[in-house]
Amino acid sequence: LIYLSLDFWPYWAHLLRIAFQSNMAGFWAYYVGIFLALAAILLLPVACMGATIPLAFHQLKRDLQHVGTHSGLLFSWNTLGNLTGSLVGGIVLYYLFDNARVFLIAALLAACSALLAGWYVSKKAIIIPLITTVIVVVFLAGTPLYHREHFMLGTFFMREPSSYSFEGAQTFFTNFIGGKRLLFYKDDPITSVGVIEWPHVQELDATPLSIMVNGKSDSNTVFDLYTLKMSAHLPALLSGSRKQAMVIGLGTGVTAAELSLYPDIERIDVAEISPAVIDALPFFRDSTYHLHENPRVHIQFGDAFRVLGRSDQQWDIIISEPSNPWVTGVDMLFTQEFYRLIKEH
């Protein structure tokens, strides 16, 4: 039920506000009912999660002679588990699986924990966690309720409900996505990245492609084209020397590609924090002169702060046109410290 409700979850609060304003009693009751149902479903597991450590300590009282040793072991294993879980679940697994499978692996591990606990208490207690484990394993194979298309374009730009906001999740996404086509999607430890093909623009005789980062377009081969091109050509034409160039943030690759048009530029370094953005680069080949095959281009995976901070290299040009300052994690690229670091290089 929780899994099925994820499609609907972003809308209930907004719809409740509309219901209060419009005094629609039935509408109000329907969505309050959904909220209360979800709250009831979540109440038990959330309460049980908070009770895990107290229950474990209660169990230790049965052996007071070794309670100190066991308490130390409990805290040590708990700390090690938290650290390992964060590293594996938040980083390692994202090199192998997408959001859906990482979520289901977490559910699988919880089911296995319930199996172990049930086995200790009573053999009869393992029936429900055993069934849960089997169901989750089946879901892992195909993730039947997970739709990547629903995550390719963020709904956070919507300020008002649309005519199709009240017709269920499937109808909403069918209308919201419209004629856009998802060409590439990948979740990595840093972000979720998609490549969207927009409907053909007759006036420009072009098909726009966007690089989507967490549902937000960070670069488009048509609508952002002049910004992307001029970000390269203005510094390249005004610089006294341009043998070495650095571009912070790969995006669609158009800015770095425009630099490659200058034959006297010997090397183009690109600092990119997201491995999925790097993987998406070949989809923009028609707008980047096949940048991913250019031997002068060297993509350095990592945060721009670390790429610059760990390098003693000097560049003639450094181009930084990051995403909007309100985007999480980007604010550091607009700081005095970052500009001082750039000046040093």
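Student: Why is Y289 called partly exposed?

Tutor: In this predicted model, Y289 has a relative accessibility of 43%; since buried means under 20% relative accessible area, exposed over 50%, and partly exposed in between (1.4 Å probe, protein chains only), Y289 therefore counts as partly exposed. Residues are numbered from 1 along each chain as its sequence is written, and side-chain values use heavy atoms, with hydrogens and water left out. Local features need pLDDT of at least 70 and side-chain atom pairs count only at pLDDT 80 or more, whereas totals for chains, interfaces and linings use all residues.

Student: What makes the phi of Y289 worth a remark?

Tutor: Most residues other than glycine have a negative phi. Y289 is not a glycine, and yet its phi is positive, at about 55°.

Student: How do you know that S260 is buried?

Tutor: The relative accessible area of S260 is 11%, which lies under the 20% limit, so S260 is buried.

Student: Which residues does S260 touch, not counting residues up to four places away in sequence?

Tutor: With contact taken as heavy atoms within 4.5 Å, S260 touches I268, Y289, N294 and R296.
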